[in-house]
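Reader: I would like to learn how to read a model like this one, feature by feature. Could we look at it together and begin with contacts in the interior?

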Amino acid sequence: PQNPKTPLLRRFIDLMLSRNAMIVGGNGTLGKAIVSALKARNWRILNIDLHKNAEADVNVLVKNEPLEQ
């Protein structure tokens, strides 16, 4: 019988092999280091942050506004 976790594991492996990553906070100190390390290994990067990261392939900028109550 097939292990029920196999499809999930296969999807995870496929995702890792695709070399695409979404980094939240990719312009902070740790985020920049992660983006640089992955770009050096030919990963495509989607950065979500308040500010653009020039190394990222795509930047999604969010506004820093207080939440309404």
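Author: A contact here means heavy atoms within 4.5 Å, and by that rule Leu38 touches Ala21, Ile23, Trp43 and Ile45, leaving aside residues up to four places away in sequence. Before going further, note that this is a predicted model, in which local features need pLDDT of at least 70 and side-chain atom pairs count only at pLDDT 80 or more, while totals for chains, interfaces and linings use all residues. Residues are numbered from 1 along each chain as its sequence is written, and side-chain values use heavy atoms, with hydrogens and water left out.

Reader: Where does Leu38 sit, and is Leu38 buried or exposed?

Author: Buried means under 20% relative accessible area, exposed over 50%, and partly exposed in between, with a 1.4 Å probe and protein chains only. Leu38 is placed in helix α2, and because its relative accessibility is 19%, Leu38 counts as buried. Helices (H or I, at least four residues) and strands (E, at least two) are DSSP runs, numbered from the N terminus.

Reader: Which residues make up the largest nonpolar core?

Author: A nonpolar core is a set of buried Ala, Val, Leu, Ile, Met, Phe, Trp, Tyr and Cys residues joined through side-chain atoms within 4.5 Å. The largest one has seven residues in all, namely Ala21, Ile23, Val35, Leu38, Trp43, Ile45 and Ala56. The elements that give two or more residues to this core are β1 and α2. As for Trp43, its contacts, not counting residues up to four places away in sequence, are Met16, Arg19, Asn20, Ala21, Leu38 and Asp57.

Reader: How should I read the buried side of a helix, and which residues of α2 are buried?

Author: An α-helix has 3.6 residues a turn, so residues three or four places apart point the same way. In α2 the buried residues are Gly31, Val35 and Leu38. They cover an arc of only 70° around the axis, taken from the directions from the helix axis to the C-beta atoms, which puts them on the same side of α2. On the face turned away from that buried side are the exposed residues Thr29, Leu30 and Ala40, whereas β1 (20-24) and β2 (44-49) are included in what covers the buried residues.

Reader: What span should I expect for each helix, and what does the model show?

Author: The expected span is 1.5 Å times one less than the number of residues. For α1 (residues 6-18), with 13 residues, that gives 18 Å, and because the end C-alpha atoms are 18 Å apart, the two values agree. Helix α2 (residues 29-40) has 12 residues and reaches 17 Å from its first C-alpha to its last, close to the 16 Å expected.

Reader: How are the strands arranged, and in which sense do they pair?

Author: Strands of a sheet pair through backbone hydrogen bonds, either parallel or antiparallel. Two strands are taken to pair if DSSP finds at least two bridges between them. Here three strands form an open sheet in the order β1-β2-β3, with parallel pairing, and the edge strands are β1 and β3 (58-61), each of which pairs on one side only. β1 and β2 pair over five bridges, with Ala21 having Ile45 as its bridge partner and Val24 standing opposite Ile48. β2 and β3 pair over four bridges, and Asn47 stands opposite Asn59 in β3. The helix α2 packs on the sheet, touching β1 and β2, and its direction makes about 170° with that of β1; axes are lines fitted to C-alpha atoms, for helices over the stretch in contact, and angles run from 0 to 180 degrees between N-to-C directions.
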